[in-house]
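Subject: Structure for you, with notes

Hi,

Here is the structure I promised to pass on. My notes on what turned up in it follow just below.

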Amino acid sequence: MTDAVAEQSLPFANAVPGAVLAADAAGMVVDRKKLIEFALHLRNHAGFDYLSSLTAVDYLGFEGRTAADRFEVVYHLFDTKKGGDGVVLKVRLPENDPQAPSLVRVYPGADLQEREAYDLFGITFTGHPRLRRIFLWDGFHGHPMRKDWKEAYYEEEHKPFGSRWPVGNHKWAEDRVPWGDNVSFPKGWDPATFQPAPPPLPTIHEPPWADENHIATERIIINMGPQHPSTHGVFRMIVALDGETVVGLEPECGYLHRNHEKIGERNTWLGNIPFTDRLDYLSSMSNNLGYVLAVEQLMGDKGKPPERAEYLRVIMAEMTRIANHTWAIGFLLNDLGAFFTPALYNIEERELLLDLFEAAAGSRMMCNYMRFGGVVRDVDEDWLTRARDIIFNRLERKIDEFDTYLTGNEILMARCVGVGYLSAADAIALSACGPQLRGSGVAYDLRRARPYSIYDRFKFDVISDDGCDVYARYKVRLGEIRESIKILKQALDDLPGGPIFNGKPGYVTRVEKGEAYGAVEGPKGELGFYVVSDGSDNPWRYHVRAPSYINLNTLGPMSIGYKIADAIVALGGIDIVLGETDR
Amino acid sequence: MFGTGILKGLGVTLRRAAGTFIDDFARVPSRYTDVIETAQGKLIRQPTDAKGLFTIQYPEEKRQMPENFRYIPMLLYEEDTGEDRCTACGICAKVCPPQCIWIVRDQDENGKPITRPAAFYIDASICMSCSFCAEYCPFDAIKMNHDYELATYDRYPGLILNKAELSVPTSYYAALYPSAWAEEERIRAEKEAKKAARGKKPEPAAPAAKPAAKPAAAQPEPKAAAKPAAPAAAPAAPAAPAAKAKAKGGHWSPIPADYSGEVIKSALPLPPVPAEGVSASGISWSRIMALREKQLASYRERRKAEGKEVKL
């Protein structure tokens with residue numbers, strides 16, 4: 001965040017008297033009693049209609065913090081019409097009363113994020129309609145993101161662990177910490193008598209035809225998943241059906257949860273880069289980029305990559321977008337029932353791009369390519385020749401082929417046009433992002449709205465489509481591939497020579513004390529990293545604003561009123577990756 | 001409408017099916033570019049102008065690995081002296097994100113640490129192949145192996161690689177990474193030349209700070225002189241495959257086919273196999289059985305050394 005943010009936010013600061021307790025470059029500290037009023041003002045009168053990220057930080061033992069302001073809930077608000085820097089609100093909560101008012105009524109998109117903060121930090125959001133755990137099971141003891149919570153097989157607070165060198169005889173974690181010594185159960189919990197909580201029932205939306213003239217149909221609850229419903233990953237939808245019509249839908253996730261953020265706090269700054277690959281494993285280059293951009297904000301001059309590295313980053317990020325969208329389109333067709341022929345046609349192009357990643361970064365999917373202040377390896381002339389060959393000669397032809405193959409196909413249109421309707425206002429309110437948002441006619445793309453890296457140098461269009469349905473999202477993805485090709489052509493033509501790293505690579509990262517929010521327009525939407533540094537070698541807080549996760553907010557509203565088979569199509573239209581959703 | 005979209009789509013499918021056959025005929029003898037025949041199978045690279053499918057028939061055919069490919073780390077030792085390059089400095093263990101490297105530093109009889117590892121483990125079941133260890137190693141002692149077929153029947157000991165299993169000679173590395181090897185050798189030769197220059201300097205002129213320009217100017221000559229000397233000392237054999245890989249197409253180096261040195265293979269118990277005949281890979285079962293016995297023996301030895309009985 002720049003100083004401009006603080007200045008810019010001052011006009012709003014006095015709008016609600018007594019709301020803003022303090023303000024600096026990192027954000028405004030808001031009185032929790034006035035939070036809703038202030039947020040309403042920001043939404044209705046200041047244009048900040050988009051709640052991008054909501055998270056919490058535990059400042060237990062942080063320099064200058066006491067028990068009276070141990071927890072902090074951080075809100076990042078943006079303006080989808082004007083773009084530009086947003087405002088950051090912070091609500092400080094005492095240790096003995098971690099309660100904040102829920103913003104669900106102001107920003108419905110806060111729903112899942114508040115549940116996440118409740119689950120991992122134990123912060124209660126009063127007024128939230130269904131504040132339940134989301135990643136962890138109901139019997140889980142404690143809130144793992146709190147600083148005083150220790151995981152099973154806990155070894156040390158931070159990596160590197162002292163046991164590895166100079167006397168590191170290998171031992172299994174399981175041998176080192178026998179089961180039972182380091183695991184705590186809730187008080188009075190007995191596995192013999194434990195009864196799991198009944199499955200959460202979705203909110204039922206009465207269909208408009210539910211009157212006495214309507215044929216009596218039975219209301220049934222169906223659990224779809226968690227065994228890969230439609231091959232997207234381990235995800236469960238609890239669907240309430242009236243006949244064949246969806247009248248309620250509740251997404252259940254967390255099957256792949258490994259507490260990525262806690263791992264991130266144990267890791268060193270550098271050590272987190274390969275872990276970001278594992279978030280959305282289809283677009284690891286973008287994940288790398290988002291993370292290094294966030295941390296580079298706190299590194300001063302050391303964090304400024306040289307020109308060639310900037311170009312390479314853009315090239316890799318855009319190739320990732322193409323690879324991801326070909327995958328997304330292919331698997332949308334899978335969800336429609338066109339099993340794997342379109343998917344294989346599409347991922348052929350991805351195959352060639354992954355070959356390029358492998359040659360440049362060393363791995364096809366877990367690229368681990370970006371570093372703070374540059375990239376890890378340079379590309380040579382042979383790589384560039386092959387990349388040019390693919391970008392200039394092959395890809396456009398292939399995208400045209402998809403277009404002929406799919407866009408006019410009557411079956412695809414019958415299944416997608418008008419399915420999963422999400423209005424522009426709803427998409428913004430529910431914090432949808434990426435093609436999900438642009439498919440509803442909101443031309444909000446971070447590459448334009450808040451240009452990062454060197455995206456302000458390239459000519460490209462922000463693709464949006466006001467169809468508001470799955471077909472519109474499909475067309476947006478197809479259009480974005482073409483725009484990415486445009487950017488790639490410019491970047492490959494302009495790629496300058498020179499170094500790829502600022503300074504001498506070293507494994508210790510000096511990060512200044514402070515906090516930063518770095519976001520990129522990932523293939524799936526706004527991928528944000530919120531990092532807090534206390535000046536040490538490890539992050540104090542490392543939060544991922546995962547686009548697939550937040551896009552799940554829209555799944556219920558998109559599916560209700562449609563047939564059950566359309567709910568699958570709506571899910572396919574979101575393009576989720578559970579590695580990122582569950583984190 | 002009226003199905004024209006579907007017909008168009010079917011036309012695309014038809015064109016692709018035809019394209020697959022046309023590619024086959026147009027690219028006799030092979031539809032792939034840069035095919036390299038090896039004992040491990042064909043190493044191929046998919047063409048960028050293919051019209052049809054380009055499926056690879058693994059494991060008979062394999063993709064050519066680019067030089068930068070990384071899988072599991074390996075430890076280098078000097079081929080001529082047999083000395084480990086590793087100095088047990090611990091940087092790789094510190095930088096490893098999942099903390100899968102365990103090093104025991106060696107000591108002399110007085111308990112003073114020596115720059116040499118007494119033991120070195122990599123837990124391959126935890127390793128995330130990020131290559132930070134190779135990237136930040138100041139001695140070029142740890143590098144990433146290209147061997148990705150590491151499947152074993154058990155986690156322990158199959159996936160915990162000890163120092164013997166991790167060690168490969170420098171020539172193996174030189175064959176896998178021809179251009180990186182050349183670059184590192186160049187830098188090493190430069191450094192040695194500088195050192196030699198610095199070693200000579202003190203006698204004629206004590207203030208050695210000034211003539212920094214001189215060694216820099218003198219650099220090209222020692223480099224050229226050192227160049228033929230260095231490869232002659234260390235990797236005589238792999239120079240040939242390295243050159244061949246270069247000629248075949250830049251950094252897309254094959255796994256060295258005619259490489260005869262030591263290769264990592266973890267000790268693992270294998271399932272029972274017939275005693276006679278030839279396996280699908282063309283190797284006789286008797287040879288496979290002999291290898292298996294050898295591996296089992298080493299497995300038993302390791303378990304015995306740890307005081308654990310093995311029943312197999």
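Leu201(A) sits in the loop that runs between helix 4 (173–176) and strand 8 (219–224) of chain A; helices (H or I, at least four residues) and strands (E, at least two) are DSSP runs, numbered from the N terminus. With a relative accessible area of 62%, Leu201(A) is exposed (buried means under 20% relative accessible area, exposed over 50%, partly exposed in between, with a 1.4 Å probe and protein chains only). Together with Ile204(A) and Ile221(A), Leu201(A) makes up a nonpolar surface patch, with about 270 Å² of accessible area together. Patches are made of residues with over 30% relative accessible area and no salt bridge, where like charges are joined within 9 Å and nonpolar side chains (Val, Leu, Ile, Met, Phe, Trp, Tyr) within 5 Å. The areas come from the Shrake-Rupley method with a 1.4 Å probe, and for residues only the protein chains shown count as cover.

A word on the model: it is predicted, so to speak of local features needs pLDDT of at least 70 and side-chain atom pairs count only at pLDDT 80 or more, while totals for chains, interfaces and linings use all residues. Residues are numbered from 1 along each chain as its sequence is written, chains are lettered from A and ligands numbered from 1 in the order written, and side-chain values use heavy atoms, without hydrogens and water.Now to the interface. Chain B brings 58 residues to the contact and chain A brings 57 residues, contact being heavy atoms within 4.5 Å. About 5,200 Å² is buried between the two chains, 55% of it from carbon and sulfur atoms; buried area is the accessible area (1.4 Å probe) that two parts lose on being put together, summed over both. On the side of chain B, Arg16(B), Thr48(B) and Trp102(B) lose the most area to chain A, together 15% of what that side buries.

There are three salt bridges between chain B and chain A (a side-chain nitrogen of Lys or Arg within 4 Å of a carboxyl oxygen of Asp or Glu). Arg16(B) also has a salt bridge with Glu401(A), at 2.8 Å, N to O. Helix 1 of chain B gives the most to the side that touches chain A, with eight residues.

Lastly, two phenylalanines. Phe54(B), in the loop between strand 2 (41–45) and strand 3 (61–63) of chain B, is buried at 4% relative accessibility. Phe135(A) is in the loop between strand 7 (124–126) and helix 4 of chain A, and at 6% relative accessibility Phe135(A) is buried too. Phe135(A) and Asp582(A) are 447 residues apart in sequence, yet 6.7 Å apart in space, C-alpha to C-alpha.

Best wishes
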